[in-house]
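Student: I have a model open and want to learn how to read it feature by feature. Where do we begin?

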Amino acid sequence: MDFRHLQQFLVLAETLNFHRAAEKLHMSQPPLSVSIRKLEDMVGVPLFVRGRQGVQLTEAGLAALDEARRALFHAEQFKLAARAGAAGEGGTVRIGFVGSATHGILPRILPLFRQRYPGVTVLLREATSIRIMQDLADEAFIMYTATEAAGLRMAAINACQLRGFTPRITQEAVQVQTLLSLVESGLGVALVPAGSRRHPGPNVVYKTLADFPADASIGISLAWNPDTERSAARNLREMASQAFRDKPAKYPAPRLRQGGRQA
């Protein structure tokens, strides 16, 4: 049995006339009659009653009618999904991102991507990373935890050490927003990405660090695996590249990295 048999069954069930059904199917009547007989043989029961008054569905045919419609519907959905996936217009894109990317990068890419590819499911998973430093040797530092935000922590400590001191850590947190809340509570200072300025607090003052050590900076990169990249992921990557190629970014543009190597 194939979907052609089901389509012929449905058309005949709707018209209850072999001649009209054959016309709708763009075929002649004898081959349609033969095909329906073959379908009934495969099913093992008659689906139609043929008589002088025309064609009628049997009880078996009536019982199978809705299932045949569902089968053809899902077959069409299967075809559309396959074509959409091949064109990068369907499927799922999984994005691991750092908190810094939520300021000026993801908001710049994702709305446009979702508008252009509404059939693609975007799954976001937050990770961690940074930017930092200056003359704060005597300050109480609110630092990123070693277990949950190791990259941010190492970058912050490294930035301080490049200026000749080890930060005096008095509080720890995981997310940038949590650090800022602790700063707002007067518990110390923290090194946060420049994009955090977009979320001011009444008791938080942002200072741009002068003569920032280049070795202490961590850029934001978009990485992908060329061996497993699917069409939808390729479309997202190309859109991200275009977005930061054509417009001046308020924050540093992400670098594109392929398989861990800078592209």
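Tutor: Begin at the end of a helix. Helix 7 is followed by Gly 186, whose phi is positive, near 85 degrees. Keep in mind that this is a predicted model.

Student: Which residues of helix 7 are buried?

Tutor: Helix 7 spans residues 176–184, and its buried residues are Val 176, Leu 179, Leu 180 and Val 183. They cover an arc of only 100 degrees around the axis, so they sit on the same side of helix 7.

Student: What covers the buried residues of helix 7?

Tutor: The cover includes strand 5 (140–144) and strand 6 (168–173).

Student: Which residues are buried in helix 5?

Tutor: Helix 5 runs over residues 106–116, with Leu 106, Ile 109, Leu 110 and Phe 113 buried. Their arc around the axis is only 90 degrees, which puts them on the same side of helix 5.

Student: Let us turn to the strands. How many residues of strand 5 are buried?

Tutor: Five of the five are buried, so strand 5 is largely enclosed by the rest of the structure.

Student: How many bridges join strand 5 to strand 6, and do the two run parallel or antiparallel?

Tutor: Five bridges join them, and the strands run parallel. Ala 173 and Tyr 144 are 29 residues apart in sequence, yet 5.1 Å apart in space, C-alpha to C-alpha.

Student: What should I know about side chains in a strand?

Tutor: In a regular strand, side chains alternate between the two faces of the sheet.

Student: Is Ala 173 buried or exposed?

Tutor: Ala 173 has 5% relative accessibility, so it counts as buried. The cut-off for buried is under 20% relative accessible area. Leave out residues up to four places away in sequence, and Ala 173 touches Met 143, Tyr 144, Thr 145, Thr 178, Leu 179 and Leu 182. Of these, Leu 179 is among the buried residues of helix 7.

Student: Thr 145 is on that list. Where is Thr 145 placed?

Tutor: Thr 145 is in the loop between strand 5 and helix 6 (150–162). At 14% relative accessibility, Thr 145 counts as buried. Setting aside neighbours within four places in sequence, Thr 145 is in contact with Ala 150, Arg 153, Glu 172, Ala 173 and Val 174.

Student: And the loop between strand 4 and strand 5, where Asp 138 lies? Is Asp 138 buried or exposed?

Tutor: Asp 138 counts as exposed, because its relative accessibility is 72%. Strand 4 covers residues 120–126. Asp 138 and Pro 167 are 29 residues apart in sequence, but 8.0 Å apart in space, C-alpha to C-alpha.

Student: Now helix packing. At what angle do helix 1 and helix 3 pack?

Tutor: Helix 1 (residues 3–15) and helix 3 (residues 29–43) pack at about 110 degrees, with their axes 10 Å apart. Angles of 65 to 115 degrees count as roughly perpendicular. Helix 1 and helix 3 are therefore roughly perpendicular to each other.

Student: Which residues meet there?

Tutor: From helix 1 come Arg 4, His 5, Gln 8, Phe 9 and Leu 12. They meet Leu 32, Ser 35, Ile 36, Leu 39 and Met 42 in helix 3. By class, the contact has six nonpolar, three polar and one charged residue.

Student: Is His 5 buried or exposed?

Tutor: His 5 counts as buried, because its relative accessibility is 8%. Not counting residues up to four places away in sequence, His 5 touches Ser 35, Leu 39 and Met 42.

Student: Back to backbone angles. Which phi does Leu 16 have?

Tutor: Leu 16 has a positive phi of about 50 degrees, although it is not a glycine. Leu 16 is in the loop between helix 1 and helix 2 (18–24). Leu 16 is partly exposed, with a relative accessible area of 28%.

Student: And what is the phi of His 26?

Tutor: His 26 has a positive phi of about 60 degrees and is not a glycine either. His 26 is found in the loop between helix 2 and helix 3. With 75% relative accessibility, His 26 counts as exposed.

Student: Last, the whole chain. How many helices and strands are there?

Tutor: The chain has eight helices and nine strands. Of its 263 residues, 37% count as buried. Among contacts between residues at least 6 apart in sequence, 67% join residues at least 24 apart.

How values were computed:
Residues numbered from 1 in each chain as written. Predicted model: local features only at pLDDT ≥ 70, side-chain atom pairs only at ≥ 80, totals over all residues. Heavy atoms only, no water. Buried < 20%, exposed > 50% of the residue type's maximum accessible area, 1.4 Å probe, protein only. Helix = DSSP H or I, 4+ residues; strand = E, 2+ residues; numbered from the N terminus. Arc of directions from axis to C-beta. Contact = heavy atoms within 4.5 Å. Axes fitted to C-alpha atoms, helices over the stretch in contact; angles between N-to-C directions. Parallel < 35°, antiparallel > 145°, perpendicular 65-115°, else oblique. Nonpolar A, V, L, I, M, F, W, Y, C, P; charged D, E, K, R; others polar. Pairing = 2+ DSSP bridges.
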